[in-house]
Amino acid sequence: MDFFQRGLKSVLGTPEAGQVPSGAETVEKLVDRVSSSTLLEDRRDACRALKALSKKYRIEVGAQGMPALVQILETDRADCEIIGYTLDTLCNIISPEQFDEELENPTVSVNVGEQFTEMFIKNPENVGLVLSYLEEYDFRVRWPSIKFLTSLIEYRPKELQEIVLVSPMGVSKLMDLLSDSREVVRNDALLLLIQLTKGNANIQKIVAFENAFDRLFDVMKEEGCSDGGIVVEDCLILMLNLLKNNSSNQQFFKEGSYIQRLAPMFTMPPELEETGWTPQKVSNIHCMLQVVRSLVSPGNSHQIIASCQKTMRNSGLLEALCNVLMSSGVPADILTETINTVGEVVRGDMNNQEFLSLVMAPSNPPRAAIVVLLMSMVNEKQPLTLRCAVLYCYECFLYRNEIGQTNLVQTLLPSSTEVSSLTQGQLLCDGLFSTDSLANWFSAVALMHGLIENPAQKEQLLRVLLATAVGSPPVSLLQQCTTLLQQGNYRVQSKIGLLMLICTWLSHCQLAVKGFLSSPNSVAFLIAQISANEHDENEYLIQGLCAFLMGICIQFNDNSVPNYKREDLCQLVLKRISCETFLTKLGEVSKHESYSKAAKQPQIRFRAPSDVLLDHEFCKLFKALEAIVVKTITSIGTDGSNITELTLSQEASGIVGQYKDIIREQDTKIAELQSTIKRCEKEMEETRRQLTEAQSSNAQLSDANILLKAQLAAATDLAHQLQTSQINHIGNHVAGLNITGNGYQNHHDSPQIQALQMENSQLKQDVERLTLTLRGFQEKFTEESIEREKLKDTRIKQYRQQLRDLGAQIEASEDDESDDGAADNGLK
């Protein structure tokens, strides 16, 4: 403390005797020194003093010194020490924590840091100034810059995200911090990026394409992967921010082969069972499972889900998850999240579903993993979250899995071979008729998912027979469910589960409707429930489900049950309930709070056993059929018969099916013809293009022909002139020789005369040779011109004929008519 006081004296000077300056006065003098001093040392000492006072006198330093501190950041960039003091002071001013030095100061409010943050970011250039200091490697500058930005984003995340987004290379500067060799800088940069990437898809994309995934995997490898410390958890949280609800980054993650790098991180060492799971390892594995789920969440696009599921199977990630699932000593929350993750990895993927069906648990005797999971689901001693996870995983296993649905129903049907081990059907039947209401609900919903979008299995399930008591005849599963539904002491959750099962079973299945209507007192029970005036919210829900079931019985009725034909049921509703009451009770389902929660997402998330009411897939069915049921009920008593495909009898449905097949065949033929027409149009376009090219080529050949003719004419004229000139010259020369020869002939035969005569003969031979050469050139040119014209005519005729074959209207030319006439004459 004495050292600090001496430092202040050196900066402010020695005060007068008897006068002790207040904190505000001291801060004011220091701020004035920072603003007005010309010497760097003075400004540095003043900043050091402000840093020391900023914890105890935060309001005074922030209110008076903020502009001066920003000025230091602008003007004194070259001095890392003064910049470090300035950034530390700003960090203290806006810190969300309350310092020990200010506990006795009543003027400090809770949100003082937020107020100073608002002052600082009012000018966006201030944030850009701090971002620029991230490039400075000096620890005194880089580390406080990171801490200051982290404090800013904690108070104003949206505003700071926008500023960083428009700042030149702002995100890139932050990403470079992950490569810093100083762990404290790298770790704090991770925390800053976690805050920065929350809820901003644009920043998430930029960070991802700045090789964030590579750097994060490298950091996790250095820290020991799943066995590492909290830094690994921070890396996974940042990775989750980049992937969750961001299709672009999900596709980039998959294409970058990062899924393959996830698989080894789920490998559990053999000694883990003995050493146990540390709390940090539990946190790391939990985050890793969330990263996997972010890639295959049902809310993602189908294309991304399918490609990621395939990669997870091929890379061994699915196998590693199943190994964790079947391992012993796994903490309950990790086991629950792993079950959810495995469910979403196999959801809707036939190959992954088949892989899960073949996984065996290490038990004695060995049992299928699916059976072991169902045993946990129907066990009332298991935690609710675990039971919900098992049901969700089983729903995912059956989702669009006709083979799995068929196998489930087959385990319920009578078999000639004795089954020694537990089956899925046995466990679900045990849970369906258990004394535990949650087991009733879970089993009913699981069995319901075995029937969704599978009419064949709905009919097969009608064959299931149950032995209710010794000596009593067996009853069908549907009849037993109807009987349980009518029991007065049956619990609310059990009734809701059975109603959802029966509604799904009867929808789009006339045989099931017939079986339900044939059960004793089934219709009377529904009418009594719909007419009841219970005021409990859950009782309203049951009444609404009963109204929905009555509507399904009307809608899918084949009129084969006496006294319960479609028109009979409509009259019962009209006379015993009234249309208005029926529609009011039906509307109670969608108004219930559990309906809105269950309709949002497929995953089952219940906080308490009392929340277990409705299922996601049932909500989808209700939404699809509610309007049809309402339309049917509102038409009762009107002239319109409201005949729809759903209300037709079995014969009429067969006729409609035949017409549908005919229409489907015609649609197929039309599609084939349209495909043929498109192909012919493409061929015609190609032929036209070739014709255009041929015409262009012919035009070029014609131009070349004209040019050659002109050159030939010029050459002929030149040759003729040369020939005439040479002949005249030779004639004159010969005449001269003759005259000269006549003059000498009388005297004697001179050798010169004989030489001239020989030259004359040679010249005549040259003239004859030139004449023959010229004639040969003319004949050759004439023949080539004729051949070229013939080739052009032949090509044009071929293209015209191809266009006619493709159906184009081409006017016949004179050549075509002459050719056709010649052909006709030849035939004659």
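1. In this predicted model, helix α30 (residues 492–506) and helix α33 (residues 537–555) have axes that come within 10 Å and cross at roughly 20°. That angle makes α30 roughly parallel to α33, because angles under 35 degrees count as roughly parallel. The crossing of these two helices, α30 and α33, is left-handed.

2. Which residues of α30 meet α33? On the α30 side they are V492, K495, I496, L499, I502, C503 and L506. On the α33 side the partners are N538, E539, L541, I542, L545, C546, F548, L549, I552 and C553. Sorted by class, this contact of α30 with α33 has 14 nonpolar residues, 1 polar residue and 2 charged residues.

3. Helix α22 (residues 350–358) packs with helix α24 (residues 384–398) at an angle of about 125°, and their axes are 9 Å apart. That makes α22 oblique to α24. From α22, the contact draws on Q353, L356 and S357; from α24, it draws on C393, C396 and F397. The residues of this contact of α22 with α24 divide into 4 nonpolar and 2 polar, with no charged ones.

4. Next, the empty space inside the model. A probe the size of a water molecule, rolled over the atoms, shows where such space is left. How many cavities of 30 Å³ or more are there? The count comes to 2.

5. The largest cavity has a volume of about 60 Å³. Its lining consists of N698, L701, S702, N705, S785, R788, E789 and K792. Helices α38 (650–745) and α39 (751–805) each supply at least two residues of that lining. By class, the lining of the largest cavity has 1 nonpolar, 4 polar and 3 charged residues.

6. The second largest cavity holds about 30 Å³ of space. Around this second largest cavity lie I370, L373, L374, V390, C393 and Y394. At least two lining residues come from α23 (369–377), and at least two from α24. What classes of residue make up the lining of the second largest cavity? The lining has 6 nonpolar residues, no polar ones and no charged ones.

7. One residue deserves a second look. C393 of α24 takes part in the contact with α22, and C393 also lines the second largest cavity.

Key:
Residues numbered from 1 in each chain as written. Predicted model: local features only at pLDDT ≥ 70, side-chain atom pairs only at ≥ 80, totals over all residues. Heavy atoms only, no water. Axes fitted to C-alpha atoms, helices over the stretch in contact; angles between N-to-C directions. Helix = DSSP H or I, 4+ residues; strand = E, 2+ residues; numbered from the N terminus. Parallel < 35°, antiparallel > 145°, perpendicular 65-115°, else oblique. Contact = heavy atoms within 4.5 Å. Nonpolar A, V, L, I, M, F, W, Y, C, P; charged D, E, K, R; others polar. 1 Å grid on protein atoms, 1.4 Å probe; cavity = no way out; pocket = protein on both sides within 12 Å on 5 of 7 lines; lining within 4 Å. Points joined across faces, edges and corners; volume = space filled by probe spheres on them. Left-handed = near helix turned anticlockwise from the far one by under 90°.
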